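Student: I would like to learn how to read the annotated sites and a helix packing in a model. Can we go through them one at a time?

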Amino acid sequence: MIQQLKKGQSAQAKASDQAQVRSTVEAILADIEARGDAAVRDYSGKFDRWTPSSFRLTPEQIAACIAGLPQQTLEDIRFAQAQIRRFAQVQKDSLHDVEVETLPGVVLGHRNIPVNSVGCYIPGGKYPLIASAHMSVLTAKVAGVKRVIACAPPFEGQPCPEIVAAMHLAGADEIYCLGGVQAVATMAIGTESIEPVDMLVGPGNAYVAEAKRQLFGRVGIDLFAGPTETLVICDDSVDAELVAVDLLGQAEHGPTSPAYCITTSRQIAEELPAAIEKVLSRLDTAPIASVAWRDFGEIHLCDSDEEALEVAERLCSEHVQVMTRDPDWYHARMTRYGALFLGHRTNVSYGDKVIGTNHTLPTMGAGRYTGGLWVGKFIKTHTYQRVLTDAASVMVGEYCSRLCGYEHMSGHKEQADIRVRRLKQEA
């Protein structure tokens, strides 16, 4: 039997909130399209109090940011990027162009072609999310994207040195200190000073997410993002404190971030609320994480792994930690999630920051139909066909002509018929 010992609210924004975000973003996008750089400068001043002579950082400014960082910081960034680059390259190597002669004289194939230009948004207002530079800029470069531009807002009144270093070391071709909707709009729409891109990637707040939604179609995007979600599946092989740490480690992202515990251990289910309070007492981010847990935290007590799997599949969380005696049992059966973290030795923070997998993942149930950002998201698979002989064209053409006739599409039919007539005469 499944018992829900703590129930959370829906993480979906209220309709009134969604309408306000949507209308605000619509107005900003229209203004930037109409006024270009002047509008971008106005919004940057309004929202970030940031109006430099140029939002693009010069090589000298980038070098100064890097030079001001401790050597250990740079070594840590390089270590994280080495892991992400290594796994992204393995993923890229799994993609192959194909070509096959499906019938005598009929050749079909596909080529994997990188997107030409990508704009990467790296959040940096509340937290300077250094890792987002690795996940977007670096992965795009491994994919072979020719032009990668990166934007992050000012942090404490200036470009964040750690983010700038991460962008540069990841291979960004252009770096801008620019945040929010104005950054996303500038990259997608373009202005007098910035050429638009073909694709937008990267997380952000509700306004950034809405801007990406409204710009989708004009440019490609990685994912429609909602609040960060985390789920821990556990049994009595771990303890309540470890579970509490792993839940709150993601709840600190924001006050609407769901944090779910599914357990087959009654002891953990009963001890978890007190463990949450104990862990909150030592977190600087407790004012945020405590609200997320209070409003969106859930505890599900299950009698069996099968019941736990049923709840996990229904919740379809962005991050799923499995801390049980046999995590591979879940690995073999789970189909709906963003990313899995198997066993008590790993955790979501490893994936977020350093281990090598990408941290841009599907939320709000999107794990039902898509995975997260990876090197393949930056690569388009384009098909082609070639007919080598007259006989092959006539044979395919006669089938095509009849099939077009069934659909009453005379123009399509004539494309086939003209080749059948001419090539039969020449044969």
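Student: Leaving aside its neighbours within four places in sequence, which residues is H319 in contact with?

Tutor: Bear in mind that this is a predicted model. H319 is in contact with T228, E229, T230, L231, Q250, A339, F341, V348, D352 and L361. The residue lies in strand β12.

Student: Is H319 buried or exposed?

Tutor: Buried means under 20% relative accessible area. H319 has 1% relative accessibility, so it counts as buried.

Student: What does the side chain of H319 reach at 2.7 Å?

Tutor: The backbone oxygen of E229. The side chain of E318 also goes to E229, where it reaches the backbone nitrogen at 3.0 Å.

Student: Which UniProt annotation covers E318 and H319?

Tutor: An unreviewed UniProt entry gives the pair as "active site". Such annotations may be inferred rather than shown by experiment.

Student: Where is E318, and what does it touch?

Tutor: E318 sits in the loop between α12 (305-315) and β12 (319-323). Its relative accessibility is 5%, so E318 counts as buried. Not counting residues up to four places away in sequence, E318 touches P227, T228, E229, Y337, G338, A339, H359, L361, P362 and T363.

Student: Where does UniProt place the feature "binding site"?

Tutor: The unreviewed entry puts it at Y121, Q182 and N205. These residues are spread over 85 residues of sequence, yet they cluster in space, with a largest C-alpha distance of 12.8 Å.

Student: Is Y121 buried or exposed?

Tutor: Y121 has a relative accessible area of 6%, so it is buried. It lies in strand β4 (residues 117-121), and a polar atom of its side chain is 2.8 Å from the backbone nitrogen of G180.

Student: What is the relative accessible area of N205?

Tutor: It is 46%, so N205 is partly exposed. N205 is in the loop between β7 (199-201) and α8 (206-215). A polar atom of its side chain lies 3.0 Å from the backbone nitrogen of Y207.

Student: How are two packed helices described?

Tutor: By the angle between their axes and the distance between the axes. Here, helix α9 (residues 240-251) and helix α11 (residues 286-296) pack at about 105°, with axes 8 Å apart. That angle makes α9 roughly perpendicular to α11.

Student: Which residues meet where α9 packs on α11?

Tutor: L247, L248 and A251 in α9 meet I288, A289, A292 and W293 in α11. The residues of this contact divide into seven nonpolar, no polar and no charged.

Notes:
Residues are numbered from 1 along each chain as its sequence is written. This is a predicted model: local features need pLDDT of at least 70, side-chain atom pairs count only at pLDDT 80 or more; totals for chains, interfaces and linings use all residues. Side-chain values use heavy atoms; hydrogens and water are left out. Axes are lines fitted to C-alpha atoms, for helices over the stretch in contact, and angles run from 0 to 180 degrees between N-to-C directions. Helices (H or I, at least four residues) and strands (E, at least two) are DSSP runs, numbered from the N terminus. Angles under 35 degrees count as roughly parallel, over 145 as roughly antiparallel, 65 to 115 as roughly perpendicular and the rest as oblique. Contact means heavy atoms within 4.5 Å. Ala, Val, Leu, Ile, Met, Phe, Trp, Tyr, Cys and Pro count as nonpolar, Asp, Glu, Lys and Arg as charged, and the others, Gly among them, as polar. Buried means under 20% relative accessible area, exposed over 50%, partly exposed in between (1.4 Å probe, protein chains only). A polar contact is a pair of N or O atoms within 3.5 Å; within protein, one must be able to donate a hydrogen and the other to accept it, and residues adjacent in sequence count only if both atoms are side-chain atoms.
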